[in-house]
Amino acid sequence: MTREEIFAEVTDIFRDVFDDDTLIIVDETNSEDIEDWDSLEHINLVVMMEKRFNMKFDLKEVGKLANVGEMVDLIQRKMA
Amino acid sequence: MNLYSYEEIEIGQKEEFRVEIKEALLDRFREITGDENPLHRDEIYARQQGHKGRVAYGMLTASFLSTLAGVYLPGERSLIQSVEIKFAKPVYIGDILTVTGEVTEKNDTYQLIFLKVTIRNQNGEKVLRGKMQIQVLGEEAA
C-alpha cells in the first residue's frame, strides 16, 4: 500500500471513530485539534487500525505517537 | 466474584445470572436518580399508557451490566470503557431477568474484551441488547 492509500484508510477510521463523515485530517492533526480525541478514543483508533491493517502494535509505540502523520508512518513501517 | 485474567478469557465464553425486578428496586432507583416520571412510579398512569403496570427504568435494567462485568466477566479485574444498548421491550415489576454476556472479540494490545450483551425476561423475550467494551486490568492493578 502507498502512504496515500494508508492515509485514506486512516481517514476512514477517524471518521468512523469520531462519527463525523466530513472530518478532514492531515499529517499534523493531533489530539488538540479534535475535541473528542481523548485516551479512550485513542484506544478505539488503535484497535480499529489493528483490525483494518491486520497488525498488532506495541503499547510503547502507540503511546508516543504525536499526530496522524506518525500513525501513518508507523503503519507503513510495519507493513514493509 | 470471578477473577478472570485477560489470558484466561476466550472468544465465545459466556457468563449469565438472574435477577428479579422488585418494586423496591424501582423506588430506590427513583430516590438515587430523581427520575420522577410517572411511567415508573404511577400504576394508573402506566396502565393508561397501555402497560400492564409500572415500567421499570431502562437504566435500572441496564445497571445490571455493571454487575455482569464487575462480578462475572471478567469479574474483579473489570474496567468498563463503553456500553451501547437498546431497550427492546418494557420490563415490569416481578419480571425475572437473565443477564448474559458473550465474548465476541479480544484486543491484546490494550487487554480489552468485547461483549455481546442480552437481557431476557422469564418468557425468553429480549428486553435489552447491546455491546460492552471492557479492559481487563493486570494483576498488579487489580
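Okay, hi everyone. Keep in mind throughout that this is a prediction.

Let me start with chain B by itself. Chain B has 142 residues, and 41% of those count as buried. You'll find 4 helices and 5 strands in this chain. If you box the C-alpha atoms of chain B along the principal axes, you get roughly 50 × 30 × 20 Å.

Now, the interface. How many residues of each chain are in contact? On the chain B side there are 9, and they touch 12 residues of chain A. The buried area between chain B and chain A is about 890 Å², and 53% of that is from carbon and sulfur atoms.

On the polar side of things, 6 residue pairs are in polar contact between chain B and chain A, counting pairs where both residues are at pLDDT 80 or more. Which elements of chain B give two or more residues to the side touching chain A? Strand S3 (96-107) and strand S4 (112-120) do. Sorted by class, that side of chain B has 3 nonpolar, 4 polar and 2 charged residues.

There are also 2 salt bridges across this interface. Let me zoom in on the one between the side chains of Lys51(A) and Glu105(B), at 2.8 Å from N to O. Lys51(A) counts as exposed, at 53% relative accessibility, while Glu105(B) is partly exposed at 24%. Why does this pair join two chains? Lys51(A) belongs to helix H2 (residues 39-53) of chain A and Glu105(B) to strand S3 of chain B, so the bridge spans both chains.

Stepping back, the whole structure has 12 salt bridges over all chains. Two within chain A are worth a look on screen. In one of these, Arg3(A) pairs with Asp73(A), with the closest N and O atoms 3.0 Å apart. Arg3(A) is in helix H1 (residues 3-17) and Asp73(A) is in helix H4 (residues 68-79), so the bridge ties together parts of chain A that are 70 residues apart in sequence. Both ends come out as partly exposed: Arg3(A) at 22% relative accessibility and Asp73(A) at 30%.

The other one I picked is Glu61(A) with Lys78(A), where the side chains meet at 2.8 Å, N to O. Here Glu61(A) comes from helix H3 (residues 59-63) and Lys78(A) from helix H4, so parts of chain A that are 17 residues apart in sequence get tied together. Lys78(A) is partly exposed, at 34% relative accessibility. And going back to Arg3(A) and Asp73(A), shared partners link them with Asp27(A) into one salt-bridge network.

Last stop, back in chain B: Asn121(B). This residue is in the loop between S4 and strand S5 (126-136) of chain B. Is Asn121(B) buried or exposed? Its relative accessible area is 7%, and the cut-off for buried is under 20%, so Asn121(B) counts as buried. So what does the Asn121(B) side chain reach? There's the backbone nitrogen of Asn123(B), at 3.0 Å, and there's a side-chain to side-chain polar contact with Glu125(B) at 2.8 Å. Leaving out residues up to four places away in sequence, Asn121(B) touches Asp95(B), Ile96(B), Leu97(B) and Val127(B).

Technical notes: Residues are numbered from 1 along each chain as its sequence is written. Chains are lettered from A and ligands numbered from 1 in the order in which they are written. Side-chain values use heavy atoms; hydrogens and water are left out. Contact means heavy atoms within 4.5 Å. Buried area is the accessible area (1.4 Å probe) that two parts lose on being put together, summed over both. A salt bridge is a side-chain nitrogen of Lys or Arg within 4 Å of a carboxyl oxygen of Asp or Glu. A polar contact is a pair of N or O atoms within 3.5 Å; within protein, one must be able to donate a hydrogen and the other to accept it, and residues adjacent in sequence count only if both atoms are side-chain atoms. Ala, Val, Leu, Ile, Met, Phe, Trp, Tyr, Cys and Pro count as nonpolar, Asp, Glu, Lys and Arg as charged, and the others, Gly among them, as polar. Buried means under 20% relative accessible area, exposed over 50%, partly exposed in between (1.4 Å probe, protein chains only).
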